[in-house]
Amino acid sequence: MDFRAHLIKALGLVLMLTLVSTAFAQLTPEQQAARDNGLELYQQHMGVSAIEPLRIAAEAGDKTAQYYMGETLRLNNMFMTAEARKWYEAAAEQDDLFSMLRLSNGGDLCKELGTCASNGPEWREKALRLAYERAEQGDTVAMIALYVANQGIGWLEKAAEAGDGFAQQLLAGFYQDGEGWFFLPGSREEAIAKWLKASAEGGFPVGMMWHAGALYEKGDYAAAFQWRKKAAEAGFINGVFAYAKDLLNVEGVFDIKPDPIKSYGLFYLIAQLEGGGGSPEYAQWELDELDKKLSPEQIKQAEIFAAEWEKTHPPLSYFVPVYGGGRKN
């Protein structure tokens with residue numbers, strides 16, 4: 001599998017919530033490259049840096065870039081700005097469900113600042129109408145949109161049953177939080193395990209990590225190690241961090257020889273990120289500790305390993321949910 005195909009597979013399970021059932025603007029290779037770069041930066045919590053590359057594709061009419069321009073501007077400012085609204089409206093005009101839902105959200109500071117969409121109720125009505133139509137045709141993106149629009153947990157369950165990895169992971173988290181009704185003892189735990197396993201096996205990196213965590217708690221360390229490795233190979237930042245820690249085998253629970261050189265290389269990759277979140281900071285702390293134990297030659301080998309990993313694996317990503325509002329990764 002070449003790099004581009006690997007990237008599409010790794011990011012698709014998150015990005016598909018806005019990409020499936022959509023018509024793309026015809027982008028030039030330069031515009032497409034800018035769009036991909038903007039989405040990559042967004043997924044690394046580098047929202048400020050993502051704006052300009054996203055703008056290139058958004059101005060060319062790409063509705064995914066338009067939606068993420070709205071998201072980036074809204075999150076950077078912590079409320080709906082006039083410019084964020086402009087991009088949401090551009091995507092909504094192309095029938096993007098999540099843009100419509102953003103425009104209809106009344107729980108934003110934009111209400112006090114006068115930057116909310118004036119026709120929010122109309123956008124919500126259209127979003128629900130289109131979502132119901134698409135969901136009835138089996139569109140899991142629309143089912144998830146209905147769930148986030150407070151149309152009932154049943155839509156999330158339908159999306160999970162239809163094989164959507166994100167929905168499966170989110171549903172497992174919903175059950176873990178004590179939501180939903182289970183009459184038979186142990187059936188809740190069985191459902192959680194079932195959906196985490198399905199999400200992981202379906203290729204969703206966040207689901208892989210959650211499934212690995214459940215296996216670890218049960219004492220199945222070998223399986224947990226393999227799923228963390230797979231999550232890391234898919235580019236999930238939390239998976240890379242966990243796999244790097246596992247390679248040190250500090251607790252001795254894995255049947256592997258500690259590999260501090262590879263561990264250093266993986267922590268090094270995370271530490272280079274400039275976005276928000278604590279992962280780069282924690283990775284740097286791990287590097288500082290390993291610096292005390294490795295020779296300059298070993299550190300050089302680790303950096304070579306990091307460079308090779310970066311060439312042969314998808315870009316690092318937090319796999320941020322398209323609409324948010326679910327459990328944290």
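Angles between axes under 35 degrees count as roughly parallel, over 145 as roughly antiparallel, 65 to 115 as roughly perpendicular, and the rest as oblique. The axes are lines fitted to C-alpha atoms, for helices over the stretch in contact, and the angles run from 0 to 180 degrees between N-to-C directions. Helices (H or I, at least four residues) and strands (E, at least two) are DSSP runs, numbered from the N terminus.

The model is a predicted one, in which local features need pLDDT of at least 70 and side-chain atom pairs count only at pLDDT 80 or more, whereas totals for chains, interfaces and linings use all residues. Residues are numbered from 1 along each chain as its sequence is written, and side-chain values use heavy atoms, with hydrogens and water left out.

**Stop 1: the whole protein**

Along the principal axes, the C-alpha atoms fill a box of roughly 60 × 55 × 40 Å. The radius of gyration, taken over C-alpha atoms, is compared with a globule rule of 2.2 Å times the number of residues to the power 0.38. For 329 residues a compact globule would have a value near 20 Å, and the protein, at 21 Å, agrees with this.

Buried means under 20% relative accessible area, exposed over 50%, and partly exposed in between (1.4 Å probe, protein chains only). Of the 329 residues, 51% are buried. Contact means heavy atoms within 4.5 Å; among contacts between residues at least 6 apart in sequence, 59% join residues at least 24 apart.

**Stop 2: helices α11 and α13**

Select residues 165-176 (α11) and 205-217 (α13), which pack at an angle of about 40 degrees with their axes 9 Å apart. The two helices are therefore oblique to each other. Now show side chains: Q169, G173 and Q176 of α11 meet V206, G207 and W210 of α13. By class, this contact has 2 nonpolar, 4 polar and no charged residues. Here Ala, Val, Leu, Ile, Met, Phe, Trp, Tyr, Cys and Pro count as nonpolar, Asp, Glu, Lys and Arg as charged, and the others, Gly among them, as polar.

Remain on α11 and select Q168, which is found in that helix. Q168 is buried, with a relative accessible area of 5%. Apart from neighbours within four places in sequence, Q168 is in contact with A160, G163, W195, A198 and S199.

**Stop 3: R228**

Proceed to helix α14 (residues 221-233), where R228 is found. Is R228 buried or exposed? Its relative accessibility of 14% makes R228 count as buried. Beyond its neighbours within four places in sequence, R228 has contacts with M209, A212, Y216, G239, A242, Y243, D246 and F254.

**Stop 4: two positive phi angles**

Select N249 in the loop between α15 (237-248) and α16 (260-271). N249 has a positive phi of about 50 degrees although it is not a glycine, and N249 is buried at 11% relative accessible area.

Next, select F319 in the segment after α18 (296-312). The phi of F319 is near 50 degrees, a positive value in a residue other than glycine. With 1% relative accessibility, F319 counts as buried.

**Stop 5: E122**

Finally, select E122 in helix α8 (residues 120-136). E122 is partly exposed, with a relative accessible area of 47%.
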